[in-house]
Amino acid sequence: MQKGVFMKELLNKYKPLIKQLISYGIIGGISSGLDFCVYVILTHIGINELIANLISVNIGIACSFIFNSIITFKMTDKKLKRGIKFFLVGYCGLGLSTLILFIGTKVFYINEIVVKLISIFIVALFQFILNKLITFRGENKNG
């Protein structure tokens with residue numbers, strides 16, 4: 001088999017997965033932007049940073065769940081069950097990013113911005129896999 005034909009077949013085979021990854025990444029970026037904006041607004045009006053972070057992170061996760069349900073995974077049934085799973089995956093991601101930040105900055109003494117950027121990609125991939133296999137597992141009945 002020629003290399004070009006093999007690559008084309010491989011791309012065709014994984015095209016739906018690649019589209020989901022791209023969609024998940026775009027929605028994650030938008031949700032993170034919303035999280036950040038809400039955090040800035042809440043802290044600006046005098047809400048404690050930790051409380052503002054808790055509120056803004058949950059708003060970001062909720063936004064991500066709604067849009068990923070509709071656009072990325074096209075599964076809008078079992079909203080409560082899927083929502084709980086999605087939030088749990090989000091909190092696992094928060095824990096993983098905290099662990100990566102701790103290890104990167106305190107054990108390896110890497111710049112925190114560099115570690116944060118690396119952690120974003122690792123955590124996003126981790127969450128995508130968990131959400132695909134757990135939260136949105138099953139047949140796609142809505143499209």
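1. The largest pocket of this predicted model is lined by 35 residues, and those that lie nearest its centre are Gly 28, Ser 32, Asp 35, Lys 116 and Gln 127. The space within this largest pocket comes to about 1,000 Å³.

2. As for where that lining comes from, the elements that give two or more residues to it are helix H1 (3-44), helix H2 (49-72), H3 and H4. Helix H1 supplies the largest share of the lining, with 11 residues. Sorted by class, the lining of the largest pocket has 18 polar, 15 nonpolar and 2 charged residues.

3. Turning to the packing of helices, the axes of helix H3 (residues 79-107) and helix H4 (residues 112-135) come within 9 Å of each other and cross at roughly 150 degrees. Because angles over 145 degrees count as roughly antiparallel, H3 is described as roughly antiparallel to H4. The crossing of these two helices, H3 and H4, is right-handed, and the contact of H3 with H4 has 12 nonpolar, 9 polar and 4 charged residues.

4. A pair of aromatic rings is described by the distance of the centres and the angle of the planes. Across the whole structure, a search finds 8 aromatic pairs. One of the aromatic pairs is formed by Phe 65 and Phe 86, whose rings are 5.4 Å apart centre to centre, with 55 degrees between the planes, an arrangement classed as tilted. Since Phe 65 lies in helix H2 and Phe 86 in helix H3, the pair ties together parts that are 21 residues apart in sequence.

Definitions and conventions: Residues are numbered from 1 along each chain as its sequence is written. This is a predicted model: local features need pLDDT of at least 70, side-chain atom pairs count only at pLDDT 80 or more; totals for chains, interfaces and linings use all residues. Side-chain values use heavy atoms; hydrogens and water are left out. Axes are lines fitted to C-alpha atoms, for helices over the stretch in contact, and angles run from 0 to 180 degrees between N-to-C directions. Helices (H or I, at least four residues) and strands (E, at least two) are DSSP runs, numbered from the N terminus. Angles under 35 degrees count as roughly parallel, over 145 as roughly antiparallel, 65 to 115 as roughly perpendicular and the rest as oblique. A crossing is left-handed if the near helix is turned anticlockwise from the far one by less than a right angle, and right-handed if clockwise. Ala, Val, Leu, Ile, Met, Phe, Trp, Tyr, Cys and Pro count as nonpolar, Asp, Glu, Lys and Arg as charged, and the others, Gly among them, as polar. On a 1 Å grid over the protein atoms alone, a cavity is a set of points where a 1.4 Å probe fits but cannot get out, and a pocket is an open set with protein on both sides within 12 Å along at least five of seven lines; lining residues have an atom within 4 Å of a point. Grid points are joined across faces, edges and corners, and a volume is the space filled by probe spheres set on the points. Rings of Phe, Tyr and Trp (its six-membered ring) pair if their centres lie within 6.5 Å; planes under 30 degrees apart count as stacked, over 60 as edge-to-face and the rest as tilted.
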